[in-house]
Amino acid sequence: MNCASYLIPVPKQLMRSRYAAFVLGNVDYLLKTWHPDTRPKDFKLGRARWLGLTILHADGNTVHFLAAFHSGNKGMLLEETSRFVCMDQHWRYVDGDCTVTPIKRNAPCFCGSQEKYKRCCGKADISHPIPPQSTNTALRIHSRRRRFIEDMGSR
């Protein structure tokens with residue numbers, strides 16, 4: 001079994017692509033990259049607006065990351081150590097140990113604005129649009145992956 005030769009050669013890249021799927025609302029991709037033994041039968045995305053992803057450490061089949069999101073009127077920080085397994089030459093997300101905590105008001109905003117969270121996405125009235133850095137990154141990843149798949153299919 002050689003997962004390195006598949007489209008996504010390491011769990012760290014699969015984690016990034018799954019984050020992009022959360023940003024883009026691509027439930028089909030999330031389910032396809034989930035291990036069948038742990039895949040939920042009735043998975044639905046919430047209404048969170050994703051602000052950013054930071055990979056803290058990746059080693060073997062685990063990835064430790066932070067993902068910030070805005071849900072309702074609260075900024076939240078998901079910290080998770082995800083586990084992946086190579087199955088049929090594909091990496092699959094198995095599960096993870098996670099905690100979700102509020103984003104501290106004086107923390108840098110994860111949206112990429114260079115502002116403090118309280119002065120950006122943490123404002124009580126966030127009628128301003130969230131800067132598109134997270135979405136743009138997700139779209140770039142998605143676009144590169146699609147071009148790679150198209151290139152592989154034409155060979």
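This report describes the fold, the strand pairing, the aromatic rings and the cysteines of one predicted protein model.

## Basis of the model

The structure is a predicted model, in which local features need pLDDT of at least 70 and side-chain atom pairs count only at pLDDT 80 or more, while totals for chains, interfaces and linings use all residues. Residues are numbered from 1 along each chain as its sequence is written, and side-chain values use heavy atoms, with hydrogens and water left out.

## Overall fold

The protein chain contains three helices and four strands. Helices (H or I, at least four residues) and strands (E, at least two) are DSSP runs, numbered from the N terminus. Along the sequence, these elements follow the pattern α-α-β-β-β-β-α.

Of the 155 residues in the protein chain, 31% are buried. Here, buried means under 20% relative accessible area, exposed means over 50%, and partly exposed lies in between (1.4 Å probe, protein chains only). The chain exposes about 9,600 Å², and carbon and sulfur atoms supply 51% of that area; accessible areas come from the Shrake-Rupley method with a 1.4 Å probe, and for residues only the protein chains shown count as cover. Among contacts (heavy atoms within 4.5 Å) between residues at least 6 apart in sequence, 42% join residues at least 24 apart.

## Pairing of the strands

Two strands pair if DSSP finds at least two bridges between them. Strand β1 (residues 49–59) is joined to strand β2 (residues 62–71) by nine bridges, and the two run antiparallel. Within this pairing, Gly52 has Ala68 of β2 as its bridge partner. The hairpin of β1 and β2 has two residues between the strands, and Gly60 takes a positive phi near 60 degrees there.

Ten bridges connect β2 to strand β3 (residues 74–87), again in an antiparallel arrangement, with His70 opposite Gly75 in β3. Two residues lie between β2 and β3 in their hairpin, where Gly72 in the turn has a positive phi of about 65 degrees. Strand β3 is in turn antiparallel to strand β4 (residues 90–102), through twelve bridges. The hairpin of β3 and β4 also has two residues between the strands, and Asp88 in its turn has a positive phi of about 55 degrees.

## Aromatic rings

The structure holds seven aromatic pairs. Rings of Phe, Tyr and Trp (its six-membered ring) pair if their centres lie within 6.5 Å; planes under 30 degrees apart count as stacked, over 60 as edge-to-face and the rest as tilted. Tyr19 and Trp50 form an edge-to-face pair, 6.0 Å centre to centre with 85 degrees between the planes. This pair links distant parts of the chain, since Tyr19 belongs to helix α1 (residues 11–24) and Trp50 to strand β1, 31 residues apart. Both Tyr19 and Trp50 are buried.

Phe84 and Tyr93 have ring centres 5.8 Å apart and planes at 70 degrees, so this pair is also edge-to-face. Phe84 is buried at 1% relative accessibility, and Tyr93 is buried at 11%. Tyr93 in β4 is also the bridge partner of Phe84. Ring pairs link Tyr19, Phe22, Trp34, Phe43, Trp50, Phe69, Phe84 and Tyr93 into a cluster.

## Cysteines

A disulfide is a covalent bond between the sulfur atoms of two cysteines. The search criterion is a pair of cysteine sulfur atoms within 2.5 Å, and zero disulfides are found in the whole structure. Cys98 is partly exposed, with a relative accessible area of 46%, whereas Cys109 is buried, at 7%.
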